[in-house]
Amino acid sequence: MSKTIDCFFIGHNEMSFDEYEKSVRDMGVESAAYRDLDKNFIRYHGNPYHLSEIFNAVRRDGGEEGSFKPLTLGDTFSLAVAYLGTYLHRRNLTFDYVNTFRDEKERLAEKLAEGNIVTVAIITTLYVSVFPILEIVEFIKKHNNTARIIIGGPFVSNQVRGLGPMELDYLFTSVGADFYVNSSQGEAALVKIINAVKSSRSPDGIPNIYYKTNGGFRRTPVSREDNRLTENMVDWDLFAPRVGGHVSVRTSISCPFSCTFCGFPQHAGQYQTAGVEEIRGELDLVDKIPSVGSVQFIDDTFNVPVKRFKEILRMIVTGGYKFQWHSHFRCQFADRETVKLMKESGCEGVFLGIESGSDRILKIMNKAASVDKYLGGIALLKEYGIPTYGSFIVGFPGETDETVEETVSFIKKSGIDFYRAQLWYCDPMTPIWRERGKYRIEGSHFEWTHATFDSKRASDVTDEIFLSVHDPIWIPQYNFEYDGYFHLLHRGLEPDRAKNFIKAFNNGIREKLTGPPRKDVSRGVIEELETALGKINGTKKETPKDYDAKDYDADFDFI
Ligand code: B12
Ligand code: SF4
């Protein structure tokens, strides 16, 4: 009998895009949600393909099947698995994992069948629907009937915030797990659940959970977890053999700002940061992993406070690390010294949450920024050759035709390399909701009206921007985002080719939105895509040999 695994983590389940597109289409092709999704895919061989899938398809059709590893979200190692695994390991609990469900089903089935797993934990970082979770639970139950199933993470917290007690009980019962953890963290609850299961104790005294009883799910009292990031920097040595080209690192939790369209700081709890020495410790481990070429710092405001950011950058420069990095960046705080250090430390690009080109809207958003400051920051980044991506919101309360014009003019003239505009998502969990009387906000989510705009018009305007502004380059969101651009580069595509590939894909979407209805994208667009990919220089930066679980099982000394 192999050693007991106290907790088996299941990372991201990338659902079939075909089914996802159908489920959103069921809301109506004129719904704002579908129109938003429509700018993320083209039709090929009769099916919808998002940008990563079309990259995979064009390369496969070009005859690269053998050694080719498809581009998926799993290319970035799950930080939740890394973080929770480290946390358990430091508490003498054993763990194992699959980084992605879809790609590692075979291994997962084998592991589940061994019968030595105490609990299975389902990570929900990127789920906005229950379907990927249902598929995982069904799979677990098919292969194992003793392990207790625990679900936590953002999906669970979102449901708890949005549903009433009866709906929640119905959802939890239908999903079929034994425990649900409601916390923006949840690692402390996880340890307590595992220990309770191992010693057959009642989980009743564990805060922030819902657990199965004969009469439905029992909820325990809420008490915010406040685990210190500095006490749980990820021990990448535990994962090194199975990490590919990309990892995420976080140096802070939550955010010190309070933009009125964003509920993140409130959910994520008190803002906390790790010190430079702790970050150095983690980056030393990351850099030791031969395959890692790119680090994404996931902090929402990595460059604030500025003094701390410069210290981190100096540390990276001194460390002489081999990886490049990208992050979110608040460019209104950019100064020459910072940007120079960014370049020297291997910054490959930044994501700018610009949101609007109108000072009046920025004020309503409480962005603590101005158009002038943005322009100054972007100019500096450009001077040092750091690629920039700007993200914009259309239709925020206060928006008018004039402010939209200001935003369009900003997108065209600011000098950013990439952008995307998205209609405002009216989330009742965000600060602006408290001012709904003032702005006469009616409806929510993707269907809303307010005193000066409505979601239908915002969708029209967003389409117009997409159709008319070709430079900078629009980057589709679904399964790609700005991050996807770096993945293309690290797979050996030259920047111009990667840009041409994205442009060709956008041309396919424009053709779909404006041309006569057609079953498939035109041959002309496919040729553009093929030309952009050309012959990829696969030897320099291609992700290393495909991961094969069998090669690495011997390395599991943490189990
Ligand atoms: C990086 C990132 C991405 C990258 C992911 C790259 C990758 N391959 O990993 C990209 C750009 C692809 C992405 C995409 C999306 N993202 Co995103 N993303 C993030 C970001 C910045 C970091 C995620 C992360 O790694 N966090 C670090 C880990 C450690 O935190 P965590 O997952 O919350 O896990 C902690 C706890 O929640 C808990 N936990 C998690 N799972 C479990 C399970 C159990 C059992 C337990 C006990 C605990 C537990 O333990 C962890 C340690 O405390 C977050 C914002 C943020 N700062 O977290 C948004 C975020 C996760 N994304 C979000 C969204 C909405 C999306 C999109 C849906 C956007 C869209 N409309 O397309 C897509 C979804 C994917 C897709 N189909 O395209 C939302 C929320 C998602 C949700 N589940 O509700 C977030 C929170 C941003 C926000 N403020 O709204 N994203
Ligand atoms: S949008 Fe970004 S900076 Fe603003 S509150 Fe949200 S996480 Fe913080």
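# Reading the cores, domains and loops of a predicted model

Modeller: This model is predicted. Its largest nonpolar core has 150 residues, and those with the most contacts inside it are Phe9, Ile54, Leu88, Trp236, Phe239, Met342 and Leu529.

Biologist: Which helix gives the largest share of this core?

Modeller: Helix H9, residues 187-198, gives the largest share, with eight residues. The core also draws at least three residues from each of domain 1 and domain 2.

Biologist: What does Trp236 touch, not counting residues up to four places away in sequence?

Modeller: Trp236 touches Phe77, Leu79, Ala82, Val243, Val247, Ser248, Glu282, Leu285, Val286 and Ile289. Another core lies apart from the largest one. That other core has 32 residues, including Val120, Ile122, Val160 and Tyr180.

Biologist: How is the protein divided into domains?

Modeller: The domain assignment gives domain 1 as 5-12 + 75-219, and domain 2 as 229-490. Their C-alpha centres lie 30 Å apart. The contact between them takes 22 residues from domain 1 and 25 residues from domain 2.

Biologist: What pLDDT does the protein average?

Modeller: pLDDT is the predictor's confidence in each residue, from 0 to 100. The protein averages 93, and 94% of the residues score at least 70. Over residues 537-559, however, pLDDT stays under 50. For that stretch the model has 41 contacts beyond four places in sequence.

Biologist: Is Asp6 buried or exposed?

Modeller: The cut-off comes first: buried means under 20% relative accessible area. Asp6 has 3% relative accessibility, so Asp6 counts as buried. Asp6 is found in strand E1, residues 5-12. Leaving out residues up to four places away in sequence, Asp6 touches Asn92, Leu93, Thr94, Val118, Thr119, Ile194 and Lys198. Asp6 and Lys198 are 192 residues apart in sequence, yet 8.2 Å apart in space, C-alpha to C-alpha.

Biologist: And where does Thr388 lie?

Modeller: Thr388 lies in strand E17, residues 388-394. With a relative accessible area of 1%, Thr388 is buried. Leaving aside neighbours within four places in sequence, the contacts of Thr388 are Val350, Leu352, Leu381, Gly415, Ile416, Asp417, Phe418 and Tyr482.

Biologist: What is the relative accessible area of Pro428?

Modeller: Partly exposed is the class between buried, under 20%, and exposed, over 50%. Pro428 has a relative accessible area of 29%, so Pro428 is partly exposed. The loop between strand E18 (418-423) and helix H17 (436-439) holds Pro428. Pro428 touches Trp433, Ser444 and His445, not counting residues up to four places away in sequence. Pro428 and Gly263 are 165 residues apart in sequence, and their C-alpha atoms are 8.8 Å apart in space.

Biologist: Which residues are buried in helix H5?

Modeller: In helix H5, residues 105-113, the buried residues are Arg107, Leu108, Ala109, Lys111 and Leu112. Just after H5, Gly115 takes a positive phi of about 75 degrees.

Biologist: Which residue other than glycine has a positive phi near 70 degrees?

Modeller: Ser254 has a positive phi, near 70 degrees. Ser254 lies in the loop between strand E12 (252-253) and helix H10 (264-268). At 4% relative accessibility, Ser254 counts as buried. Glu481 also has a positive phi, near 60 degrees, and lies in helix H19, residues 481-490.

Biologist: What kind of peptide bond joins Val304 and Pro305?

Modeller: The bond to look at is described by omega. A cis peptide bond joins Val304 and Pro305, with omega about -5 degrees. Pro305 is in the loop between strand E14 (294-297) and helix H12 (306-319). Asp471 and Pro472 are joined by a cis peptide bond too, with omega about 5 degrees. Pro472 lies in the loop between helix H18 (455-468) and strand E21 (473-474).

Biologist: Which residues surround ligand 2?

Modeller: Ligand 2 is surrounded by Cys255, Phe257, Cys259, Phe261, Cys262, Phe264, Pro265, Asp300, Thr301 and Arg330. This shell divides into seven nonpolar, one polar and two charged residues.

Notes: Residues numbered from 1 in each chain as written. Chains lettered and ligands numbered in written order. Predicted model: local features only at pLDDT ≥ 70, side-chain atom pairs only at ≥ 80, totals over all residues. Heavy atoms only, no water. Core = buried A, V, L, I, M, F, W, Y, C linked by side-chain atoms within 4.5 Å. Buried < 20%, exposed > 50% of the residue type's maximum accessible area, 1.4 Å probe, protein only. Helix = DSSP H or I, 4+ residues; strand = E, 2+ residues; numbered from the N terminus. Domains from an automatic or database assignment. Contact = heavy atoms within 4.5 Å. Near = heavy atom within 4 Å. Nonpolar A, V, L, I, M, F, W, Y, C, P; charged D, E, K, R; others polar.
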